[in-house]
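Here is a briefing on one protein chain. Look over the fold first, then the annotated site.

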Amino acid sequence: MVIGILGVQGAVREHQEMLQALDVDTVIVKSATDLETIDGLVLPGGESTTMRRLIDRYDLFDLLCEKVGTLPMFGTCAGMILLATELSQGTAHLKGIPMTVRRNAFGRQVDSFETRLPIERIGSDIEAVFIRAPYVERIGEGVRVLATVSDAVVAVETDLHLACSFHPELTTDTRLHRYFIQKIKQRQTISV
Ligand code: GLN
């Protein structure tokens, strides 16, 4: 299995290290060719408008929009924003998960915080680091809520994709990455 990490901006290396620690081969995706051989793609946290600008500059936008229909993606923080079909403000990007996402949703007082969360299907007491994090305001058909913080939805999945508002790659807890790997494997078994 090879998992790509979109390498235009953000916490790229941290995701790579975590996946390598789980014995997965990784590719830092910066071109169309890099996308050809991967079984899944991580969209890391960073700054979504900057990431989008760079996606356009690297000429990856149309290809990513095409891939999002079939390639499992795991979006963390800004990556979750990239996957939404709708944003509370501004224009949506890859439109992979039917949901409305609000950027910087936790407000100034709680700009950044850490907590431990139970995440449906994944486990309890999972370390979650929130940095100017988004949350999900509305979910559409086929989206399952996996975790909430004071009623705000912070982790979701569809049959294909996984997304969370926080940064699992900045912790030592590998359970979300393991779950993504498992999702990819399950799909591969189904489609064989
Ligand atoms: N606030 C950022 C954005 O809107 C996301 C923050 C993050 O990825 N840590 O893109």
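A residue is buried if 20 or more other C-beta atoms lie within 10 Å of its own, exposed if 12 or fewer, and partly exposed in between, with C-beta atoms placed from the backbone. Helices (H or I, at least four residues) and strands (E, at least two) are DSSP runs, numbered from the N terminus. This is a predicted model: local features need pLDDT of at least 70, side-chain atom pairs count only at pLDDT 80 or more, and totals for chains, interfaces and linings use all residues. Residues are numbered from 1 along each chain as its sequence is written.

**Overall fold**

- The protein chain has 6 helices and 12 strands. Its radius of gyration is 15 Å, close to the 16 Å from the globule rule for 192 residues, so the chain is as compact as a globular protein of that length. (The radius is taken over C-alpha atoms; the rule is 2.2 Å times the number of residues to the power 0.38.)
- Along the principal axes, the C-alpha atoms fill a box of roughly 40 × 35 × 30 Å.
- Of the 192 residues, 44% count as buried.
- Two residues are in contact if their C-beta atoms, placed from the backbone, lie within 7 Å. Among contacts between residues at least 6 apart in sequence, 64% join residues at least 24 apart.

**Annotated binding site**

- An unreviewed UniProt entry places the feature "binding site" at G46, E47, S48, R103, I131 and R132. These residues span 87 residues in sequence, yet no two of their C-alpha atoms are more than 12.8 Å apart, so they gather at one spot.
- UniProt positions follow the numbering used here, feature names are shortened, and annotations may be inferred rather than shown by experiment.
- E47 sits in the loop between β3 (40-43) and α3 (48-57). It has 16 C-beta neighbours inside 10 Å, so E47 counts as partly exposed. Leaving aside neighbours within four places in sequence, E47 contacts Q9 and A78.
- S48 lies in helix α3. With 26 C-beta neighbours inside 10 Å, S48 counts as buried. Beyond four places in sequence, S48 contacts A78, I81, L82 and R103.

**Helix α3**

- S48, M51, R52 and I55 are buried in α3. Seen down the helix axis, the buried residues of α3 fall within an arc of 100°, so they line one face. (The arc is that of the directions from the helix axis to the C-beta atoms.)
- An α-helix has 3.6 residues a turn, so residues three or four places apart point the same way.
- The buried residues of α3 pack against α4 (61-67) and α5 (78-83).
- D59 follows α3, and its phi is positive, near 65°.
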